[in-house]
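Please keep the sequence and the model in view while reading.

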Amino acid sequence: FKFAFDPELKPETLVGSGSLDVTEATGNMVDVKGLNGSLTVDLNGMNLKQLALNFQRATESLGKITVAGPLDFVEKGTGTVRVEINDIGKSVLNLAGAPLGLSFGNTTISSTLDLSPAFGGEGIGVGGLLKLGAFTVKQGGTATPPIDLDFDYALKAQTANQEFELSKFSFAGTQNAKKVLSANLDQPFLFSLNESGEPKIG
């Protein structure tokens with residue numbers, strides 16, 4: 001990695017790449033054998049041109065996570081940082097779950113998440129989509145039935161006053177092409193936290 005700082009010791013540039021190879025794996029970790037994870041970073045000042053984490057085995061893609069956008073979007077009151085997760089599957093998920101004895105069958109995860117200014121630059125907005133395909137969790141001899149889950153959400157937070165607005169939230173669960181779960185927020189939901197951290201609705 002190559003990096004440089006400005007006179008105020010703020011990051012000016014950070015450029016580089018690295019990788020990790022899993023050459024041996026047994027037991028609950030067998031699915032991660034041969035996994036390669038590569039990281040690429042390109043930061044210029046407060047502009048994150050690219051942060052990419054790619055997973056693959058030989059020539060097979062096992063998913064990708066990317067982040068890009070201006071990191072000072074709240075301070076400047078403009079801009080959006082986007083986080084994308086593309087088709088992360090069981091090999092990567094099982095690596096994360098192994099310390100807890102968890103595995104995830106044929107689960108896949110895809111997501112888009114946007115971070116942007118809110119409340120006139122005094123807060124942050126979070127919104128996006130999350131898709132879990134064939135989601136299942138297994139521990140020991142017990143496993144949950146696979147289910148497809150879709151989430152759509154938008155939340156704004158004003159941290160100084162601990163005020164929050166959930167303007168969009170919906171989710172649906174499908175099994176064997178049949179919808180078995182659904183929920184939808186029909187109007188914005190406002191809440192705040194007092195000094196002791198207790199929630200207040202409205």
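The buried residues of helix 2 pack against strand 4 (47-57), strand 5, strand 6, strand 7 (102-103) and strand 8. Buried means under 20% relative accessible area, exposed over 50%, and partly exposed in between, with a 1.4 Å probe and protein chains only. In helix 2 the buried residues include Ser 91, Val 92, Leu 93, Asn 94 and Gly 97. Helices (H or I, at least four residues) and strands (E, at least two) are DSSP runs, numbered from the N terminus.

The model is a predicted one: local features need pLDDT of at least 70, side-chain atom pairs count only at pLDDT 80 or more, and totals for chains, interfaces and linings use all residues. Residues are numbered from 1 along each chain as its sequence is written, and side-chain values use heavy atoms, with hydrogens and water left out.

The protein chain as a whole holds two helices and 16 strands. Its C-alpha atoms fill a box of roughly 50 × 50 × 30 Å along the principal axes. Of the 202 residues in the protein chain, 26% are buried. The exposed surface comes to about 12500 Å², and carbon and sulfur atoms supply 56% of that area; accessible areas come from the Shrake-Rupley method with a 1.4 Å probe, and for residues only the protein chains shown count as cover. Among contacts (heavy atoms within 4.5 Å) with a separation of 6 or more, 38% join residues 24 or more positions apart.

Where does the nonpolar interior lie? A nonpolar core is a set of buried Ala, Val, Leu, Ile, Met, Phe, Trp, Tyr and Cys residues joined through side-chain atoms within 4.5 Å. The largest such core has 14 residues, and Leu 35, Phe 55 and Ile 88 have the most contacts inside it. Two or more residues of this core come from each of helix 2 (90-97) and strand 12 (147-158). A second, separate core has five residues, including Leu 43, Leu 48, Val 67 and Val 81.

Leaving aside neighbours within four places in sequence, Leu 35 is in contact with Leu 20, Asp 21, Val 22, Phe 55, Gln 56, Arg 57, Leu 62, Ser 91, Val 92 and Leu 95.

Thr 66 lies in strand 5 (residues 60-70) and counts as buried at 19% relative accessibility. Apart from neighbours within four places in sequence, Thr 66 is in contact with Leu 51, Ala 52, Arg 82, Val 83 and Glu 84.

Which residues surround Gln 158, beyond its neighbours within four places in sequence? Gln 158 is in contact with Phe 119, Glu 122, Gly 123 and Glu 163. Gln 158 sits in strand 12 and is buried, with a relative accessible area of 7%. A polar contact of 2.8 Å joins its side chain to that of Glu 122. A polar contact is a pair of N or O atoms within 3.5 Å; within protein, one must be able to donate a hydrogen and the other to accept it, and residues adjacent in sequence count only if both atoms are side-chain atoms.

Phe 119, one of the contacts of Gln 158, is found in the loop between strand 8 (108-118) and strand 9 (123-135). Its relative accessible area of 28% makes Phe 119 partly exposed. Most residues other than glycine have a negative phi. Phe 119, however, has a positive phi near 50°. Asn 176 also has a positive phi, of about 50°, although it is not a glycine. Asn 176 is in the loop between strand 13 (163-175) and strand 14 (178-184), and is exposed at a relative accessible area of 82%.

Two further loops contain glycines. Gly 77 is in the loop between helix 1 (73-76) and strand 6 (81-88), and is 46 residues from Gly 123 in sequence and 9.1 Å from it in space, C-alpha to C-alpha. Gly 140 is in the loop between strand 10 (138-139) and strand 11 (142-143), and is exposed, with a relative accessible area of 61%.
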